[in-house]
Amino acid sequence: MKKKLLCLLGAAVMSFTAYGADVTTDVVVVGGGGAGLSAAIAAKEKGANVILLEKMLMLGGNTNYATAGINAANTDLQKKLGIEDSAELFYNDTMKGGKNKNNPELVKKLTVDSSNIINWLTERGADLSEVVFTGGQSAKRTHRPTGGQAVGPVIVDALANTAEKDGIDVRTESEVVGIIKTGNKITGVEVKHKGETYKINAKAVVMATGGFGANAAMVAEYSPALKGFGSTNSPAITGEGIKMVNSVGGALVDMTEIQTHPTVVHNNTTMITEAVRGEGAILVNREGKRFISELETRDVVSKAELDQTGKSAFLIFDQSVRENLGAINGYVRRKLAVEGATLEELAQKVGIDGKTLVKTMETYNGYVKAGADKDFGKTVLPRELAKAPYYAIEVSPAVHHTMGGVRINTEAQVLTADGKVIPGLYAAGEITGGVHGANRIGGNAVTDITVYGKTAGENAADFAKNSK
C-alpha cells in the first residue's frame, strides 16, 4: 500500500508548480480519506472532471486507522456462507446501538446500500473476503480482508489505485481554508498550498474532511467530561471542515455525541481492533474477573472499564485467537501485548490476581462449551481460550469517533437549519452527523464513508452536469 500511495503522491508533486493559479473544474472533493476517495471516484466515473484535495502529505486520513472491517447485510459472501441477515436487521442493530437518536432515513439508506458497496469496493480491488462478528451485531456482517488484516489500509490502497487509473487530479498538502459561496450557491473553495492561496472554481463541492476527534479543545467544548482524554484519531481530524460548512449556512446535528473506544492501549493512543473481542478475547479487571459482555456496544464497555480499579482493564486471549486474526501479530511485534506460557505466568507479569484469572478462564471456557454465558449473557462465544501461550493487553477508553457533524439528507446534500438544500454542497463521512446517533457500532464507519462518499460523488457529478 505505502508504495502505491507514494507513487500517487509523486505524480501529484510533479504538478505542484501549477497549483498557485486559479483553476476551474466540475467537482472538487475536500479530503482524501475513504469518503473523499469514494466521492472522487464516483464523480469521475460519472463523467465529471474532478480535483481531490488532501491537506496532509499522504492520503487516507482516519480510514488508515480502521481495523475491524466494514458492516454490510445480505451480501453475496454472507449468502455463500449460509449467514442469515437482512438490511432490516442491520437497521435495527444500528438504531439500537445509536440509542434511536439516529436519523432513520440516513440509516435506512446505509443498510440497504451496504451490500452494493461491498461489490463496488471489491470490483475496485479491495479484499473483503471474510465475514465475522463484532460488537453490537446480531449476525456475522463485518467484512474484512483475508486473515483479519486491518480493513482501512486495504480500502485506501484499492481506492488510491483506482483514483490513479481514473486520472483524478489528486493534490496533497493542499489545505482548504474557505468555501466560496455566490448568492445561494456553492461555487468553489480557497486552497492554501505551501504558503500560497488560490481558488478552485467548481460547480459542486464535496466536503469529506472527517470529524474533530483529534481537536482536544473542540471535544472538550462539546463534551466537557472528555477533557484530557487521549485520541485514536489521525492528527488531521481537527474539525475545520465542519466549521467551514457551518459558516456558509450548513446546519450541525448531534455535536455532543462523541464516542470513546474501549480497547485503546492504556496511556497510549494505539487502538486494538474490536475484532480481537469478536474472535473470543475476554476483558478482566485487576482482580482477574470479567465485568461485562465483551461484545456490548463501545459506550457500554468504555463506561464499565472506567468503573474498574485503575480505570482500565486487560484484554486476555490465547494463541488460537492470534492465529485467527493477523492484526494481533503487529501488536505482539510492537510489544503492546504481554505473553505468558501459562495464565499464572501472564497474571504475574501484568499484575492480575492469578488464581482468580485461572478460575475466570475455566468458568468462561465452560460457558463456551455449554453455548451460554451465564454471567453476562454474551451471545457470541467463538472458541475456548485454552491454547498456550496466552496474551494480555492493558486497555482503557480514548476518544475515537465524533457522531455529530454537518446535517445532510439521503442524497448527501448539505442542509440548512430549516431543512433547505444548499445548492452545490455535499458532504460525506465523519464530517456529517445523524447516521450513528448517540453511539457508532464498530464497522459502521467504513460503511458510512463509502456508501455516502459514493452517493455524494455521483450526485455532485449530476448537479455539475446540469448546472449552467
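Close-up 1. F317 is buried, with a relative accessible area of 0%, where buried means under 20% relative accessible area, exposed means over 50% and partly exposed lies in between, for a 1.4 Å probe and protein chains only. Y391 is likewise buried, at a relative accessible area of 1%. This is a predicted model, in which local features need pLDDT of at least 70 and side-chain atom pairs count only at pLDDT 80 or more, while totals for chains, interfaces and linings use all residues. Residues are numbered from 1 along each chain as its sequence is written, and side-chain values use heavy atoms, with hydrogens and water left out.

**Close-up 2. The aromatic pair of F212 and Y222.** A search of the whole structure finds 3 aromatic pairs, counted when ring centres of Phe, Tyr or Trp (its six-membered ring) lie within 6.5 Å, with planes under 30 degrees apart called stacked, over 60 edge-to-face and the rest tilted. The rings of F212 and Y222 have centres 5.8 Å apart and planes at 50°, so this pair is tilted. Because F212 sits in the loop between β9 (196–207) and α7 (216–222) and Y222 in helix α7, the pair ties together parts that are 10 residues apart in sequence; helices (H or I, at least four residues) and strands (E, at least two) are DSSP runs numbered from the N terminus. F212 is buried, with a relative accessible area of 0%, whereas Y222 is partly exposed, at 25%. F317 and Y391, by comparison, form a stacked pair, 5.4 Å centre to centre with 20° between the planes. That pair links distant parts of the chain, 74 residues apart, with F317 in strand β13 (residues 313–318) and Y391 in strand β15.

**Close-up 3. The surroundings of H401.** H401 lies in strand β15 (residues 390–402) and is buried, with a relative accessible area of 5%. Its side chain makes a polar contact with the side chain of R440 at 3.1 Å, a polar contact being a pair of N or O atoms within 3.5 Å, one able to donate a hydrogen and the other to accept it within protein, where residues adjacent in sequence count only if both atoms are side-chain atoms. Leaving aside residues up to four places away in sequence, H401 touches I258, Q259, E430, H436, R440 and A445, with contact meaning heavy atoms within 4.5 Å.

**Close-up 4. Helix α2 and its cover.** Of the 12 residues of α2, 10 are buried, so the helix is largely enclosed by the rest of the structure. Elements covering these buried residues include β1 (23–30), α5 (104–123) and α15 (444–466).
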